[in-house]
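Take a walk through this fold, one piece at a time. Keep the sequence and the structure side by side as you read.

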Amino acid sequence: MRAVERIRLGDIRFYNTRTRSKEGFEPIRAGEVGIYTCGPTVYGPSHIGNLRSQLMADLLKRFLLSEGFDVTHVINITDVGHLVSDADDGDDKMELAARKAGETAEAIAERYTELWRQDRAQVNCLGPEQNPRATDHIAEQIELGQRLEAGGFLYRIGDGLYFDITRFPRYAELAGLDLEGQRGAGRIDEVAGKRHPADFAIWKFAEEGVQRLQEWDSPWGRGFPGWHLECSAMSSRYLGEHFDIHTGGIDLATVHHTNEVAQSECAFGSHPWVNFWMHNEFLDFGGEKMSKSVGNVATLSDLVDQGYDPLAFRYFFLQAHYRQQQTYNAEAMEAAARGYRRLVSTAARLRDVQTHGNPEAQAPYRAQFRSALCDDLNAPRALAVVWEVLRGDQLSEGDQRDLLWEFDRVLGLNLKEAESPEEEWEVDPRIDGLLRDREAAREARDFATADQIRDTLSEEGIVIVDTPAGPRWKRT
Ligand code: AMP
Ligand code: ZN
């Protein structure tokens, strides 16, 4: 039975992009929270900027679970319809990647979905309750398009069916947009025939004589859904037509989320469609937002190749508030890894402590930790409480252990199980030899060979674990 009695409403405050203020959080249904997070477009590997948006949602989920809520977390997989340009122009990212690789879109999607799941698991993100793919929900998307059409919100032009934003007076609300400014700006990559630059495609027609890799029949003709439609269709399928929290990176607010709101409020007649919009700020690298198009990306496996434990990246993430821009660079990552290692060795020592804790002595620290997270998920403040607990002699080791284990259910740093340097490891001459070869390749900066060895081991179900004493391995 869930611990509804434990839930103390009124203390939790989240910043809501929609109202531009911190508001007290209350779920629509007592004791239950529905969260929808925009997931990856699976045309290539995710970078650690993308991972930041997943970690933010995971922190939110873990915190709400620790407060006693039943959480249903839905994260979608975008495997069709995300065009290269936000102006509904250009090719589909999946289609482009598949053609380039000479593979099917399904094969590409499968590969990068799996990689994304592994990345999430390595940084200890809890699995979502639902992880739907856009291509598995084409019927729901068409049905939503039909509702919008019946309501008179759409118009048809040469290349597709479009949403007429003038039919939705609150269009600018979520992101505080200047729509008149947009009209004046006259973007050159606009689609001919669109009535307003911000009108967006609900369904794009397959070009005459062109065989696309992904296309479906619809009442409007053969083609494929516009990207935004999937999130309205899948969130309503799994969370209902009015739900609690929607998350994603801040770059999604102006177009993707704004369009999700327009479609959903018009189709479902609910306002607000989503009570809380929570957006994470960017992870920057080299002075700008980490992004594939700029090319300034680092992936989790890059960090692992540099010898970092993936959870050291989780620790790095926790050092900044999710609404602050966070700068990634070698020094900052190294500092985070040092902090994480210190925490792991302390945790390893506390694991052996046999004495009982004293709840009364623990109470003020528990309250401080909770109050940091209640304040719009202030993770850096929560981390400071962790160090306060471990510092000095104001608490017994039993209290330190109890608090650390409890706090880590929210922080997700796996401190109870994290391998300490003294851990016993399996020995196998062949695998140990491969590990040494990989180390040598890394030292020679031959990352291709290093990656190859890691992949070979991973195919055998073996993961490499970086410990303070050097790399070790274990079977998954
Ligand atoms: P995409 O796969 O590009 O659609 O992005 C997936 C998620 O990652 C979205 O929520 C984006 O807003 C988010 N995102 C992309 N780049 C960054 C970044 N540099 N920092 C933080 N979040 C990002
Ligand atoms: Zn989305």
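Is Leu59 buried or exposed? The model is a predicted one, so its values are computed from predicted atoms. Leu59 has a relative accessibility of 2%. Buried means under 20%, so Leu59 counts as buried.

Where does Leu59 sit? Its place is in helix H1. Leaving aside residues up to four places away in sequence, Leu59 touches Phe317, Leu318, Leu373, Leu377, Ala379 and Val410. Met290 gives another point of reference. Leu59 and Met290 lie 231 residues apart in sequence. In space, their C-alpha atoms are 21 Å apart.

Strand S3 covers residues 32-37, and strand S4 covers residues 70-75. The two run parallel and are joined by six bridges. Tyr36 has Val74 in S4 as its bridge partner. To get from S3 to S4, the chain passes through helix H1, residues 48-66. This β-α-β crossover is right-handed.

Strands of a sheet pair through backbone hydrogen bonds, either parallel or antiparallel. Here four strands pair in the antiparallel way, in the order S5-S6-S7-S8. Which strands stand at the edges? They are S5 (154-157) and S8 (223-225). Each has a single partner strand, so one side of each is left without a neighbour in the sheet. From one strand to the next, the twist averages 25°.

Take one pair from this sheet. Strand S7, residues 200-205, runs antiparallel to S8, and three bridges join them. Phe205 has its bridge partner, Gly223, in S8.

Two helices pack on this sheet. Helix H4, residues 138-150, touches S5, S6 (160-163), S7 and S8. The direction of H4 makes about 120° with that of S7. Helix H7, residues 253-268, touches S6 and S7. The direction of H7 makes about 85° with that of S7.

Stay with H4 for a moment. Next, look at its faces. Ile138, Gln141, Ile142, Leu144, Gly145 and Leu148 are buried. Down the axis of H4, these buried residues fall within an arc of 160°, so they line one face of the helix. Ala139 and Ala150, on the other side of H4, are exposed. What do the buried residues of H4 pack against? They meet S5, S6, S7 and S8, along with helix H6 (227-239) and H7. Just after H4 comes Gly152, with a positive phi of about 80°.

Helix H7 also belongs to another unit. Together, S9, H7 and S10 make a right-handed β-α-β unit. Strand S9 (residues 243-249) pairs with S10 in the parallel sense, over six bridges. His246 has Trp277 in S10 as its bridge partner. How many residues of S10 are buried? Seven of the seven in this strand, residues 274-280, are buried, so S10 is largely enclosed by the rest of the structure.

How values were computed. Residues are numbered from 1 along each chain as its sequence is written. Chains are lettered from A and ligands numbered from 1 in the order in which they are written. This is a predicted model: local features need pLDDT of at least 70, side-chain atom pairs count only at pLDDT 80 or more; totals for chains, interfaces and linings use all residues. Side-chain values use heavy atoms; hydrogens and water are left out. Two strands pair if DSSP finds at least two bridges between them. Axes are lines fitted to C-alpha atoms, for helices over the stretch in contact, and angles run from 0 to 180 degrees between N-to-C directions. Contact means heavy atoms within 4.5 Å. Buried means under 20% relative accessible area, exposed over 50%, partly exposed in between (1.4 Å probe, protein chains only). The arc is that of the directions from the helix axis to the C-beta atoms. A crossover is right-handed if, with the strands pointing away from the viewer, the path from the first strand over the helix to the second runs clockwise.
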